[in-house]
Amino acid sequence: MTAYVEAVSELRPRMRRAIIMVQDLVMVLVAVALSLTLSQSRLSFEAFSFAGLACWALIVLIAHLLFRSCGLYNTVWRFASTPDFFNILKGCGSLTVVLYLASLGFRFFFQPVMGLNERQFIVFFLVSFTIISAPRLYYRFLRDGASWRILRRAPDAPVKQALFIGRLSEADVIVRFTRTAVPAEYAIAGIMATESDAPLGTRIQGVPVVALRPRLVEVLEDYVRGTENLDLLIFGNGAERDIEDYAELVRVARHSGIAVVQFSGLSELGQGGRLVLDTVEMETIMRRSAVATDTTRIGAFVAGKRVMVTGGAGSIGRVLVKRALELGAESVLVADNSEFGIFQLDQLIDERHRDRLTSRIVDVTDRPHMMRLVSEFKPGILFHAAALKHVPLLEENWEAAIETNVFGTLACAEIAAECGVPQFLLISSDKAVAPTSVLGVTKRAAEQIVSSLHEAHAAPSPLHAAAANGHGAGAHHTHSMGAHRSGTKFIAVRFGNVFGSNGSVATIFQAQIEAGGPVTITDRRMTRYFMTVAEAVDLVIMSAADAEQRQGKDDYAIYMLDMGKPVPILEVAETMIRMAGKSPYTDIPIRFTGIRPGEKLHETLHGENEEVVKLDIAKIFGLRSDVVQWSRIEAALPALVAAMHDRDKAAALAVLAGLYQAEADLGAHGQAVPKTAAQIG
């Protein structure tokens with residue numbers, strides 16, 4: 001029987017289904033014979049006479065039609081379950097009723113059939129259901145039971161021994177699917193349950209529950225000391241939020257040379273119904289308690305739209321691009337000045353989506369080129385993620401910071417308005433709050449440009465007043481607000497550090513750890529807000545979807561993401577070192593270098609003069625603050641252009657700081673009082 005089941009399972013789907021159909025029809029005939037034998041009935045006609053053969057052929061035809069209509073052949077045997085056995089019950093019941101009614105009709109209109117009564121039909125129903133269900137049940141047993149793994153495993157195929165840490169409901173799924181994998185890859189040796197009231201010592205499909213909270217770390221340490229055969233630690237879905245000692249469990253496993261993965265779901269049945277196990281990365285460890293994204297809402301917002309992303313080859317930009325494609329954007333245009341970044345992005349995009357992706361190498365400050373791209377592509381939303389963002393580097397390269405972060409934002413926003421782009425969204429930063437760095441001041445200015453255009457809802461018209469030399473930092477234009485209004489919705493979304501982004505502490509620490517240290521930290525007291533790229537991108541898109549529906553007094557120019565609690569940088573470094581299987585200060589030294597120019601010990605997400613408004617969307621807030629009028633921004637632009645031309649950092653920062661001070665003093669004085677460059681830091 002086992003050899004037969006194995007042989008059938010290896011056939012192509014169509015051939016396998018044909019054999020199963022024939023098998024079921026044979027079973028029906030066997031059921032007829034058994035029902036007559038068991039009830040000791042003698043028919044009044046010969047079984048192999050012409051009339052008998054015609055009768056059997058008619059029974060086979062009726063059975064085949066009824067079984068097909070009841071869905072017996074739409075099921076994968078491996079996943080046969082209660083509804084599928086109900087279909088067999090329904091098919092056998094229907095066949096029994098039809099045959100019984102046919103016998104009554106034959107008896108009434110033609111002649112009685114001796115040796116046939118209700119008893120035979122009852123026995124027929126029971127026998128047919130049993131023998132048709134039996135092969136399916138046996139196949140499921142072989143696939144789910146340990147016997148299948150023993151039968152199918154090649155003698156030299158290594159099977160990794162694993163521990164599972166998670167909920168018992170998931171453990172049941174994990175154990176079943178690890179046993180059904182062909183060839184076998186993992187064998188669950190034990191279950192560490194996250195439920196504190198789980199029955200310790202009991203078994204899930206024969207696998208023992210070996211630990212409960214809060215003794216997970218202690219038991220894992222005992223396990224790794226007591227055996228050399230443990231290869232893998234599998235966490236359940238969402239374990240990083242359910243288990244307080246998640247990072248410590250990862251550390252213990254990796255320190256012992258045990259690979260760590262996390263269950264995230266099941267692949268499609270067409271791919272074999274295998275487990276999807278993701279490698280545990282540092283951003284998973286640092287993830288805050290997250291609320292599930294409303295994918296229906298952001299999907300409905302993005303689907304069918306033409307999406308443009310400036311800085312689309314950067315850390316946030318490339319995830320925005322991938323997410324937009326996944327959510328069904330009609331097409332996505334990437335504008336970035338990094339050739340290598342665009343090449344990397346292209347490698348990351350799934351083959352299914354590449355025909356909807358267009359990439360252009362362009363600088364966002366190149367107004368004619370950007371104007372041509374936007375006017376030809378006609379995006380429904382423009383995500384402006386292009387920015388320079390490294391604090392110490394921008395202190396020295398302040399001209400590049402103003403060029404990209406201020407004039408680049410100005411150019412893209414004005415072009416969006418002139419081309420009638422329905423929505424423009426600026427990716428902002430917590431560095432823009434009470435700025436002490438060139439990065440912070442330039443991002444604050446970018447926010448002011450967007451907020452002012454949001455307030456005005458008008459498209460500015462260029463004066464084309466170029467500064468001297470006509471190129472480089474001096475090739476900016478000053479602009480005046482046109483009298484006509486555009487339908488563009490301008491918003492900015494402000495949030496903190498994105499974990500694992502280019503140049504973030506995570507990537508720096510990782511490189512330092514791989515080099516053997518030391519890990520360098522500016523100050524042991526320093527904290528930062530952290531968020532994963534995926535969560536940040538979904539919340540940015542959600543902010544855009546919310547802004548699209550808002551008008552009037554409930555409209556917000558700036559959205560702020562809930563970053564949770566700030567995380568000490570020292571804790572991030574220590575956790576990453578432990579995750580690498582090493583000990584902080586012993587295996588990998590940590591050195592404190594002192595705060596660099598422009599850096600703060602602690603960041604904030606909103607200023608004292610900003611009102612935080614709770615929205616009906618998890619982890620997103622609206623911000624209310626005074627808006628600098630466009631006339632003030634317009635008046636400041638010639639002075640900023642002149643300072644850039646003279647390469648006068650102090651004057652340039654004073655102009656930008658003056659706008660920031662104007663925002664704070666707008667209501668009280670009606671006139672801006674500029675800060676000096678020294679006050680910025």
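This is a predicted model: local features need pLDDT of at least 70, side-chain atom pairs count only at pLDDT 80 or more; totals for chains, interfaces and linings use all residues.

Colleague: Which residue lies over the face of F377?

Modeller: R306 does, at 4.4 Å from the ring centre. There's also K305, which lies over the face of F301 at 4.2 Å from the ring centre.

Colleague: Switching to ring pairs. How many aromatic pairs does a search of the whole structure find?

Modeller: It finds 5. One of them is F424 with F490, a tilted pair at 5.6 Å centre to centre with 50° between the planes. F424 lies in strand β12 (residues 423-427) and F490 in strand β15 (residues 489-494), so the pair ties together parts that are 66 residues apart in sequence.

Colleague: Are F424 and F490 buried or exposed?

Modeller: Both are buried.

Colleague: OK, and why is the Y556 and Y559 pair edge-to-face?

Modeller: Because their planes are at 75°, and over 60 degrees counts as edge-to-face. The ring centres are 6.1 Å apart. Y556 and Y559 are both buried too.

Colleague: Now charges. How many salt bridges does the structure hold?

Modeller: It holds 23. Take R444 and E447, whose side chains meet at 3.5 Å, N to O. They both lie in helix α18 (residues 438-456), 3 residues apart, or about one turn.

Colleague: What are the relative accessibilities of R444 and E447?

Modeller: R444 has a relative accessible area of 3% and E447 is at 1%. Since the cut-off for buried is under 20%, R444 counts as buried, and so does E447.

Colleague: What about E326, which residue does that bridge to?

Modeller: To R323, with the closest N and O atoms 3.4 Å apart. That pair is in helix α13 (residues 315-326), separated by about one helical turn. E326 is partly exposed at 47%, whereas R323 counts as buried at 18%.

Colleague: Last one: which residues are linked in a network of salt bridges?

Modeller: D430, K431, R528, K600 and E603.

Methods: Residues are numbered from 1 along each chain as its sequence is written. Side-chain values use heavy atoms; hydrogens and water are left out. Rings of Phe, Tyr and Trp (its six-membered ring) pair if their centres lie within 6.5 Å; planes under 30 degrees apart count as stacked, over 60 as edge-to-face and the rest as tilted. Helices (H or I, at least four residues) and strands (E, at least two) are DSSP runs, numbered from the N terminus. Buried means under 20% relative accessible area, exposed over 50%, partly exposed in between (1.4 Å probe, protein chains only). A charge sits over a ring if NZ of Lys or CZ of Arg is within 6 Å of the ring centre and within 35 degrees of the ring normal. A salt bridge is a side-chain nitrogen of Lys or Arg within 4 Å of a carboxyl oxygen of Asp or Glu.
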